[in-house]
Amino acid sequence: MIFIVDACHSGNLKGGVEGIQQTASALVAAWGKEYKILSCQPNQLSLESAEWGGGRGLFSLELEEGMKGLADLNNDGIVTMFELQNYIQTNVAKYSEGKQIPMVTGDLSKPFCKIIPEVLTALKKQKAENYPMLAVINTKGNVAAYF
């Protein structure tokens, strides 16, 4: 089972200090053979911007691009959980200037997805043509921040 949460305060779904602790503990606790991929730490926001895929979240954009093949560190045509974790944590933290750091749990040695070469080629072409480095972010009701 794969459990992916891309939500503001994804580690704080219940709210309040007690909710932060309970939700974070529940999400990090092992349930069995599942994978949990959370867009941010309990005390962080999941950032969104029109520049990231037309208004998507930074996490969901980086997750999708990693799954399409940009996370394949050893170029074997398979993205493992470790490669995906490394890719999304590195890129989300980089583009958010450390304001958002995803959480990944599960057996990181396992394969996650197989790459479709045509999809990866199209993504690389798209990124080469137009991939913004700076973005205005929507922090769900807070004043827009620039970085």
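Which residues are buried in α2? In this helix, L58, F59, S60, L61, E62, L63, E65, G66 and G69 are buried, where buried means under 20% relative accessible area, exposed means over 50%, and partly exposed lies in between (1.4 Å probe, protein chains only). The structure is a predicted model, in which local features need pLDDT of at least 70 and side-chain atom pairs count only at pLDDT 80 or more, while totals for chains, interfaces and linings use all residues. Residues are numbered from 1 along each chain as its sequence is written, and side-chain values use heavy atoms, with hydrogens and water left out.

The secondary structure of the chain consists of 4 helices and 7 strands. Helices (H or I, at least four residues) and strands (E, at least two) are DSSP runs, numbered from the N terminus. Along the sequence, these elements follow the pattern β-α-β-α-β-α-β-β-α-β-β. The chain has 147 residues, of which 42% count as buried. Contact means heavy atoms within 4.5 Å. Among contacts between residues at least 6 apart in sequence, 67% join residues at least 24 apart. The chain exposes about 8,000 Å², and carbon and sulfur atoms supply 58% of this area; accessible areas come from the Shrake-Rupley method with a 1.4 Å probe, and for residues only the protein chains shown count as cover.

The expected span of a helix is 1.5 Å times one less than its number of residues. For α2, a straight helix of 13 residues would span 18 Å at 1.5 Å a residue, but the end C-alpha atoms of α2 span only 15 Å. The buried residues of α2 pack against β1 (2-5), β2, β3, α3 and α4 (117-129).

Helix α3 (residues 81-95) has 15 residues and should span 21 Å at 1.5 Å a residue; its end C-alpha atoms are 21 Å apart, which agrees. Its buried residues are M81, E83, L84, Q85, Y87, I88, N91, V92, A93 and Y95. An α-helix has 3.6 residues a turn, so residues three or four places apart point the same way. The partners of the buried residues of α3 are β2 (35-38), α2 (58-70), β3 (78-80), β4 (103-105) and β5 (111-114). Just after α3, E97 takes a positive phi of about 55 degrees.

A salt bridge is a side-chain nitrogen of Lys or Arg within 4 Å of a carboxyl oxygen of Asp or Glu. By this rule the count is 4 salt bridges. One of them joins the side chains of E65 and K127 (3.1 Å, N to O). Because E65 lies in helix α2 and K127 in helix α4, the pair ties together parts that are 62 residues apart in sequence. E65 counts as buried at 4% relative accessibility, whereas K127 is partly exposed at 21%. Another salt bridge links E34 and K36 (3.5 Å, N to O). E34 is buried, with a relative accessible area of 7%, and K36 is buried with 1%. The side chains of E97 and K99 also meet in a salt bridge (3.4 Å, N to O). Here E97 is exposed, with a relative accessible area of 53%, and K99 is partly exposed at 42%.

A disulfide is a pair of cysteine sulfur atoms within 2.5 Å, and a search of the whole structure finds 0 disulfides. C40 counts as buried at 0% relative accessibility, and C113 counts as buried at 17%.
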